[in-house]
Amino acid sequence: MATIEMKNIVKKYGDGFPAVNDISIDVADGEFVILVGPSGCGKSTLLRMIVGLEDITSGDMIVDGKRVNDLAPRDRNLAMVFQNYALYPHLTVYENIAFPLRLAGKSESEIDQKVREASKTLELDEHLERKPANLSGGQRQRVAMGRAIVRDAKAFLFDEPLSNLDAKLRGQMRTEIARLQKRLGITTVYVTHDQTEAMTLGDRVAVMKRGVLQQLATPRELYEQPVNLFVAGFIGSPPMNFLPATVEGGKVKLPFGDFDLPQEKAAKTEGKGLLMAGIRPEHFEDASVMDGGSDSTFTAKIDVREWLGDQQYAYIPYEAEQQVQDQLKELAKEVDSESLRTQLVVSLDSASRVEEGQEATLHIDTRKMHLFDPSSGDNLTVGL
Amino acid sequence: MNMTKNRVGIVIGCALILGWCLLPVAWIISLSFKSQEAITNGSPGFFPSSGTGAGWKNYEDVLKDDQFKHAIFNSIGISLISTVLSVIIATLAAYAIARLEFRGKRFVLTTALVIAMFPVVSLVSPLFDMWRTFGIYDTWLGLILPYMSFTLPLAIWTLSAFFREIPWEMEQAAQVDGATSWQAFRKVIVPLAAPGVFTAAILTFFFAWNDFVFGISLTSTENARPIPAALSFFVGADPFNRPASLLAAGAVVATIPIIVIVLFFQRKIVAGLTSGAVKG
Amino acid sequence: MTVQTATAPGRVTEESERAKAENTLGRQLVLPAIVLMMVVTAFPMLRALYLSLFDYSLTAPDDRDFVGLSNYWTALSDSLFWRDTANTVMIMVVTVAVELVIGFAFAMVMHRVIFARGVIRTSILIPYGIITVVSGFAWQFAFSNSNGFVNGWLPFMGDDFNWFAQYDSSIIAIMASEIWKTTPFMSLLLLAGLANVSEDMLEAAKVDGATWWQRLYKVILPNMRAAIMVAVLFRALDAYRIFDNIFVMTAGANKTESISFLTYRQTVEQFQLGIGSALSVLLFLSVLVVAFLIVKLFRVDLAQARQE
């Protein structure tokens, strides 16, 4: 068990571009920390620097109180699960799991006991004599974890371990990893680009963009209090809606109308010109299904409606100036998605009877709205 | 309807392929059982006509022949030594090409390509001259050196294709698991590359066994003369009336090692040939 | 397959200790291979270049006179050189063309065959593995009018037709042996190329209404281009160097001599190292020219041939 402290870690490649730029994260003993971000954000590089597969350009990597910058991977005593599992195809499942123990020169009886223990935990007992090529994706994944847990390593490192599994299995293995980590209570750093994994697994989540740490917080805080446009857009599915907005006289002016803004939010944003309002789909509702009605409503024409059973999504296109459109496009590119048109996504109660092509009256909850500075991307209403 | 037509086509195709590949082999075997008298008198036809069969006589004669025995011994020795050395050197180079970044990699690959296309006959004159100066003309070494260098391109290509197939992560996982670089190479890379090394060895052996140009031009006695050269000089006084059945027996004996290798390692050879020549 | 070899991002300009060590190790590992290849090819080639400038015969080794380029002039002005070159080119074109067609047909069959795969693949390797000299013998005897079966099997041939008495039939016999031995190799290369043509694509073409021929010409062949070109390049250069079969089957009689055979004869049989060296240099240059023409004409992807 150990803590992992990253202090001002920088990784520069030959062309001088910092793949990881001045990142400091302290991982507490037994904590489960997620590194998440779009591809190319440096999350895997950071993980590989922890384990020692990548040189650290500057900064300190401290594992269990000891600076490990110059230690070879084998001297760091960390266990890692690779994206493609990296099982040794010429060895049986048993020997794959035993591999690190054999390298450490453990006695035959100790090896056997530990391998059996791990295989029991991971339900691999009947596969021990098989070769990795004959296993299913989920089984391979478990063997890779087995190889990690027999080690008594100081920490577990996962590099997108579930990305090669199909959606259903991914869900199961996610729960499995969470359960295992809680049981073993081992410090874990987990890299993923999947925000569901990030939100469900992590005690804390570090969101990265282009080598820079954007926000390190609990999943709830990330979702409810994103510090900037990037985090707000990256976390949440369907993503947060961004609308051009101006705040004047305690009211926020959106493409659909003017709405009252809570006083403390208005105070922070009043008179700042064109802002970007961020509001999540679930903070809209069909006014007709709400108890007691609402005083901040607008009418809009529903373009497409998707009914999912427990809820439904409606899509409402709107016109925006070129400048706003460009900015939204830029943002979409940053979070690895594509924005085809400027539209609002709203999540409605499944009881709602709005029809495609029809006008509907929608409620907007401005208390949950965030306002961002469009040039810096900073959230002006964070914590409010 | 269409399906059965396809099936028939494939069966006919298979038969054609089998005939193509095996008919000449069957012919030379059949020829080796014709008696030497029948050959002198002329005995056209695929099979020995009745009364002209020689039984194992031709094989006995060939195996009693000192020149032939020497040639077989030379061929086996020279081919094996060239193969082992070539594969060791190629393994080092291929590992570097597949796994390391270094300046001059393109130069190595281009050199290999040029050597693979090199007209060996144009080396005969200078090597003939040089080897005599160095005193390695008509020795094993004089053949081993050219065999090694001409098999290196194929061996390097085959092996680097195999090395490339081994995921990088495998080595890194071993390092994280506590292995030194040497342990990672020994316990993970070598076992995984073994089939590739083996394939490269077979292809190298084929080349060395098959060579004719160096064999006839860099040797002058049975001291180092390999089997193809020996066969071509085999009592060849009159090029239009060779002791055909005796030669055929010698050819069959010289071919047996190749057939055995092909029978046992068919899969590996195909994999090596295609990975070494056209990348998938 | 890309021209740039896969570089781990960066590691280009600013060198870390690790990158430097990697560079050194890489060079050390390829050094033995490079040295060996150079000693046996580049160095002798330079020596041949040097010797070709002398009138130098092993029968009179002390009379070594510098004659400049006159050996080249002698060779190039001799009609024998051009006759042999033309003969070699003819053999190359015919054998490669025939091998390409038959090899492709074989590859198609092997690609589709489900049963007896192992047997087919094993037998296709036998011609590849057999010594060229043995193949030469087998075919020479097969065509022989006293002991062969070909005359008997071909209905339009007289039983005592002597295949090795004139150029046309001799060259056919030589090419038969060459084609027999190397077609399997060609078909294996093409089979590997065929494996790259996805079934989905063919099914899509079928659904789009393409006939068998259209699928072959518009889908299969374009997608195998790289494989075919590399196979043709290697086989053509191989055929251009033809020597063993001619040596065994006709010994160059009836004008069947190839350019390689001519070079060999001048050096080893007649000990004319001066003119022999000049011919060696010319042979080497002509191979370069042939390679260059094939690469340019068929736009072969050299990066692929180089295995990058």
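**Cavities and sheets**

1. In this predicted model, the count of cavities of 30 Å³ or more comes to four. The largest cavity has a volume of about 1100 Å³, and 36 residues line it, those closest to its centre being B:Ala116, B:Phe207, C:Arg235, C:Asp238 and C:Arg241.

2. Which helices supply the lining of the largest cavity? From chain B, at least two residues each come from helix H5 (105-116), helix H7 (140-165), helix H9 (181-210) and helix H12 (244-277); from chain C, at least two each come from helix H4 (117-129), helix H7 (167-194), helix H9 (212-240) and helix H10 (244-249). Sorted by class, the lining of this largest cavity holds 22 nonpolar residues together with seven polar and seven charged ones.

3. The second largest cavity has a volume of about 50 Å³, and its lining consists of B:Val114, B:Met117, B:Phe118 and B:Pro119 from one chain, with C:Phe284, C:Val287, C:Leu288 and C:Ala291 from another. Helix H12 (residues 273-297) of chain C gives the most to this lining, with four residues. By class, the lining of the second largest cavity has eight nonpolar residues, with no polar and no charged ones.

4. Turning to chain A, four strands form an open sheet in the order S2-S1-S4-S5, with antiparallel pairing. The edges of this sheet are strand S2 (18-27) and strand S5 (66-67) of chain A, each of which pairs on one side only.

5. Helix H1 (residues 43-51) of chain A lies across strands S1 (4-12), S2 and S4 of chain A. Its direction relative to S1(A) is given by an angle of about 120°.

6. Further along chain A, strand S12 (residues 251-254) and strand S13 (residues 257-260) pair in the antiparallel sense over four bridges. How many residues lie between S12(A) and S13(A) in the hairpin that they form? There are two residues between these strands, and within the pairing A:Val252 has A:Phe259 of S13(A) as its bridge partner.

Note on methods: Residues are numbered from 1 along each chain as its sequence is written. Chains are lettered from A and ligands numbered from 1 in the order in which they are written. This is a predicted model: local features need pLDDT of at least 70, side-chain atom pairs count only at pLDDT 80 or more; totals for chains, interfaces and linings use all residues. Side-chain values use heavy atoms; hydrogens and water are left out. Two strands pair if DSSP finds at least two bridges between them. Contact means heavy atoms within 4.5 Å. Axes are lines fitted to C-alpha atoms, for helices over the stretch in contact, and angles run from 0 to 180 degrees between N-to-C directions. On a 1 Å grid over the protein atoms alone, a cavity is a set of points where a 1.4 Å probe fits but cannot get out, and a pocket is an open set with protein on both sides within 12 Å along at least five of seven lines; lining residues have an atom within 4 Å of a point. Grid points are joined across faces, edges and corners, and a volume is the space filled by probe spheres set on the points. Ala, Val, Leu, Ile, Met, Phe, Trp, Tyr, Cys and Pro count as nonpolar, Asp, Glu, Lys and Arg as charged, and the others, Gly among them, as polar.
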